[in-house]
Amino acid sequence: MLDVTDYQARVAALVSPTGAEDLPIAEAVDRVLAAPVEAPEPLPAFDNSAMDGYAVRAADVTGATEESPVRLPVGDDIPAGAPIGELAPGTTRRIMTGAPLPRGADAVVEVEATDGGTDEVEIRAARSAGTFVRRAAGDVAVGATVLEPGAVLGAAQVGLLAALGVTEVSVRRRPRVLVCSTGSELAEDPDPAAGQIRDSNGALLAAAVEQAGGLAVRQLWVADDVPAFLAALDDALVDVDLVLTTGGVSAGAYEVVKDALGSRGVEFLKVAMQPGMPQGCGHYAGPGGAVPIVCLPGNPVSALTSFEVFVRPALRAAYGHPRPQRRVVRATLTDAVDKPAGKRQLRRGRLDPDAGTATPWGPPGSGFLGWFAGADCLIDLPADVTSVPAGAEVDVWDLLG
Ligand SMILES: Nc1nc2c(c(=O)[nH]1)N[C@H]1C(S)=C(S)[C@@H](COP(=O)(O)OP(=O)(O)OC[C@H]3O[C@@H](n4cnc5c(N)ncnc54)[C@H](O)[C@@H]3O)O[C@H]1N2
Ligand code: MOO
């Protein structure tokens with residue numbers, strides 16, 4: 001049996017890095033930058049006030065205190081959005097936060113340090129030059145590289161681009177994924193006949209692909225019929241970076257994926273992991289060339305856990321995400337668990353970040369999707385133990401992190 005980390009590396013090596021595309025910034029949220037962004041303008045663009053108060057020449061308020069305030073005549077107000085004006089020597093003007101500092105002023109006295117006068121004002125504190133002034137280019141200088149390739153565009157990054165007047169950015173393309181569910185037990189009818197079930201893996205994997213930053217471009221369902229499976233696959237392989245299949249990879253009499261692809265460039269093997277032991281991956285020789293393919297087990301819990309462990313990091317690395325892996329935290333196990341020897345076990349759990357605890361959630365079997373849906377983490381138990389006591393420190397994959 002192959003080690004989990006070896007198989008992770010094998011799957012990651014399958015998926016090629018994606019190229020770049022230009023997008024309006026509002027559509028680039030959560031995407032990874034492909035090229036550096038240089039500031040076309042300074043930020044702020046002009047000197048402005050950091051406080052609601054009075055624009056002054058610092059020299060005019062030297063020595064002002066509560067006990068011996070300085071009185072200055074007050075000129076026209078400067079609201080935010082006003083053009084850049086002048087400050088006559090020996091006078092002051094009310095100025096609002098973000099309003100342009102008038103020429104001649106070099107400091108702002110906050111309104112709290114005054115009597116708030118509108119014709120004449122009592123200034124009760126001295127303020128040195130530069131106080132409460134946000135200098136032009138004080139945040140970003142023209143030409144500075146504000147975002148490097150590999151930056152993930154979140155709210156702060158998109159906000160900065162908007163502030164600088166950058167409307168479009170070059171980002172890494174999302175990997176395009178075809179999701180293919182297999183199994184003659186999967187009903188096409190919304191009301192399955194006795195013995196049939198609904199296809200949960202198609203929806204589950206499409207959601208997982210989208211959450212990982214990929215694009216679930218197409219979903220297929222194919223019965224346990226090798227020629228039909230190959231025909232459907234060939235038909236759907238248009239502009240696809242990765243194919244994911246589920247089901248048909250273990251030891252039964254009708255293992256359609258294994259039977260169809262075993263002799264067509266896909267290797268089927270066992271990984272020392274529970275759930276998710278039977279796996280397959282390789283390059284499928286499609287009509288338009290070789291396409292990376294990862295064949296996941298059919299049990300829904302096995303399919304999603306395998307996606308988490310092998311596919312998600314590969315997809316994220318393919319579009320340049322700086323953190324392909326889930327955040328792993330240490331937590332105290334609340335309940336003892338048993339596990340098989342020789343397999344790394346990824347148990348569904350509930351993480352309490354405040355208490356620093358992880359609680360096993362549901363039985364270890366791979367048919368319990370209902371339990372998985374109530375979990376928010378995977379408790380990562382090492383291969384070489386058969387039990388872990390309550391109170392042990394364990395690694396936990398935060399599925400909400
Ligand atoms: N004799 C052995 N039997 C099994 C072994 C083994 O080593 N020897 N391995 C077990 C393990 S572990 C797993 S995991 C499963 C993997 O099976 P397959 O990948 O071949 O999947 P299927 O047999 O097609 O289905 C398994 C299970 O999952 C359900 N399923 C499949 N596709 C879907 C779908 N799209 N939506 C919802 N549910 C799905 C299917 O109905 C089965 O119940 O094999 C064990 N057996
Ligand atoms: O290894 Mo299979 O994936 O659960 O039960």
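In the predicted model, an oxygen atom of ligand 2 lies 2.8 Å from an N or O atom in the side chain of S366. The side chain of S302 is also involved, with one of its N or O atoms 2.7 Å from an oxygen atom of ligand 2. A backbone contribution comes from G276, which places a polar backbone atom 2.4 Å from an oxygen atom of ligand 2. The surroundings of ligand 2 consist of P275, G276, M277, P278, S302 and S366. By residue class, this shell comprises 3 nonpolar and 3 polar residues, with no charged residue. The space that ligand 2 takes up is the second largest pocket.

S366 belongs to the loop between β22 (357-360) and α7 (369-373). Besides its place in the shell of ligand 2, S366 makes a polar contact, side chain to side chain, with N299 at 3.1 Å. When neighbours within four places in sequence are set aside, the residues in contact with S366 are P275, N299, P300, V301 and S302. Two of these contact residues, P275 and S302, are also among the residues that surround ligand 2.

The position of P275 is in the loop between β16 (273-274) and β17 (278-286). A cis peptide bond is also found from L43 to P44, where omega is near -10 degrees. P44 is located in the loop between β2 (37-38) and β3 (48-49). A further backbone feature concerns D30, which is not a glycine but has a positive phi of about 75 degrees. This residue, D30, is in the loop between β1 (20-24) and β2. For comparison, most residues other than glycine have a negative phi, and most peptide bonds are trans.

Ligand 1 has 23 residues around it, of which E185, D199, V249, S250 and G298 come nearest. The side chain of D199 has an N or O atom 2.8 Å from a nitrogen atom of ligand 1. Backbone atoms take part as well: an N or O atom of the S200 backbone is 3.0 Å from a nitrogen atom of ligand 1, and a polar backbone atom of G298 is 2.9 Å from an oxygen atom of ligand 1.

At the level of the whole protein, four domains are assigned. Domain 1 is made up of residues 4-18 and 174-319, and domain 2 of residues 20-43 and 140-172. Domain 3 covers residues 48-134, and domain 4 covers residues 328-398. Between the C-alpha centres of domain 2 and domain 3 the distance is 36 Å.

Technical notes
Residues are numbered from 1 along each chain as its sequence is written. Chains are lettered from A and ligands numbered from 1 in the order in which they are written. This is a predicted model: local features need pLDDT of at least 70, side-chain atom pairs count only at pLDDT 80 or more; totals for chains, interfaces and linings use all residues. Side-chain values use heavy atoms; hydrogens and water are left out. Domain bounds come from an automatic or database domain assignment. A residue is near a molecule or strand if one of its heavy atoms lies within 4 Å of it. A polar contact is a pair of N or O atoms within 3.5 Å; within protein, one must be able to donate a hydrogen and the other to accept it, and residues adjacent in sequence count only if both atoms are side-chain atoms. On a 1 Å grid over the protein atoms alone, a cavity is a set of points where a 1.4 Å probe fits but cannot get out, and a pocket is an open set with protein on both sides within 12 Å along at least five of seven lines; lining residues have an atom within 4 Å of a point. A molecule sits in a cavity or pocket if more than half of its atoms lie within 2 Å of its grid points. Ala, Val, Leu, Ile, Met, Phe, Trp, Tyr, Cys and Pro count as nonpolar, Asp, Glu, Lys and Arg as charged, and the others, Gly among them, as polar. Helices (H or I, at least four residues) and strands (E, at least two) are DSSP runs, numbered from the N terminus. Contact means heavy atoms within 4.5 Å.
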